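Biologist: I have not seen this structure before. Please show it, and then I will ask about it.

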Amino acid sequence: MTEITILSAALGGVIIGLAAGLLLVTHKRVAGISGIASGLLLPWNAESGWRLWFLLGLIASAPLYRVMVGEIPIQLDAPLAVLAVAGVLVGYGSRLGGGCTSGHGVCGIARLSVRSIVATLMFMFTAAVTVYIQRHVL
Amino acid sequence: MIKNLVAGSLGLLFGFGLIIANMTNPSKVLAFLDVSGEWDPSLAIVMASALITLAVMQRLMHLSPETQTSCDGVKQGIDRKLLIGSAIFGIGWGLSGICPGPALVGLSAGLPAVLVFIGAMFVGFVIFNRFHQR
């Protein structure tokens, strides 16, 4: 069970939106993490530079936060084999579907893209069904 | 170089947002997805406030992405790939409680579990490139 954290959720959301908006201002690019991360695969092109830096910033955020603010709660109960399967599905599915939680769920819906709204409803639905089966059926 | 440093600081900012919103915690994400359990709406609040912030910025500054390299806004219409890909993504997300952003932020936590997930995610990217591109 987790605590409902409305204020930190809203504040964190504003910061995520701000970062995505600024990326649009400075680079004219959408902050879709699956697209940015998969762009690191070879061969590299003119887009790879900023992508690498964006990802390095993303990775650096946690250690910096720990030094400046404090612990980051991470509770991960899934066994390694399940995580391996989940990772492949997340990687393949996000590319086939053209985006993930950030690209479709935040950036796409913010510009009212019908594709992104449909994609978000779809992955929310299959994710909820998966959790339901795992927690309440199996 | 300046553009890269800016991209780096925006990645940092994005990561701080995820951390503050507590979205780097898989059990928090799963508590949102578990609608029949003790439902935690936090993730919906994060998404809503992020996309409202972004939508307001886009409106105020007349922003639109020049090209959509990171996601597929140029494409129109609902096709099979969109539906199947998103469905597959959702199953992986539901199994783990992890999506690409939080996975990368969690990398520095040094948990073998996160490393396995990220490695597998890149395997998924490669499989996609093999079968659908170039």
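Biologist: How many residues does the contact take from chain A and from chain B?
Modeller: This is a predicted model, and the count uses all residues. Both chains give residues to the contact: chain B gives 104 residues, and chain A gives 106 residues.

Biologist: Which element gives the largest share of the side of chain A that touches chain B?
Modeller: The elements of chain A that give two or more residues to this side are α1 (6-27), α2 (33-38), α3 (48-68), α4 (80-96), α5 (101-110) and α6 (114-137). The largest share is 21 residues, and it comes from α1(A).

Biologist: How many residues of that side of chain A are nonpolar?
Modeller: The side of chain A that touches chain B includes eight charged and 34 polar residues. The nonpolar residues there number 64.

Biologist: Is α4(A) roughly parallel or antiparallel to α4(B)?
Modeller: The axes of α4(A) and α4(B), the latter being residues 80-96 of chain B, are 7 Å apart, at an angle of about 155 degrees. Angles over 145 degrees count as roughly antiparallel. Therefore α4(A) is, relative to α4(B), roughly antiparallel.

Biologist: Is the crossing of α4(A) and α4(B) left-handed or right-handed?
Modeller: Residues that meet here include Leu89(A) and Tyr92(A) in α4(A), and Phe89(B) and Trp93(B) in α4(B). By class, this contact has 14 nonpolar, seven polar and two charged residues. The crossing of the two helices is left-handed.

Biologist: What percentage of the residues in chain B is buried?
Modeller: Chain B has six helices and zero strands. Of its 134 residues, the buried ones make up 57%.

How values were computed:
Residues numbered from 1 in each chain as written. Chains lettered and ligands numbered in written order. Predicted model: local features only at pLDDT ≥ 70, side-chain atom pairs only at ≥ 80, totals over all residues. Contact = placed C-beta atoms within 7 Å. Helix = DSSP H or I, 4+ residues; strand = E, 2+ residues; numbered from the N terminus. Nonpolar A, V, L, I, M, F, W, Y, C, P; charged D, E, K, R; others polar. Buried ≥ 20, exposed ≤ 12 C-beta atoms within 10 Å, placed from the backbone. Axes fitted to C-alpha atoms, helices over the stretch in contact; angles between N-to-C directions. Parallel < 35°, antiparallel > 145°, perpendicular 65-115°, else oblique. Left-handed = near helix turned anticlockwise from the far one by under 90°.
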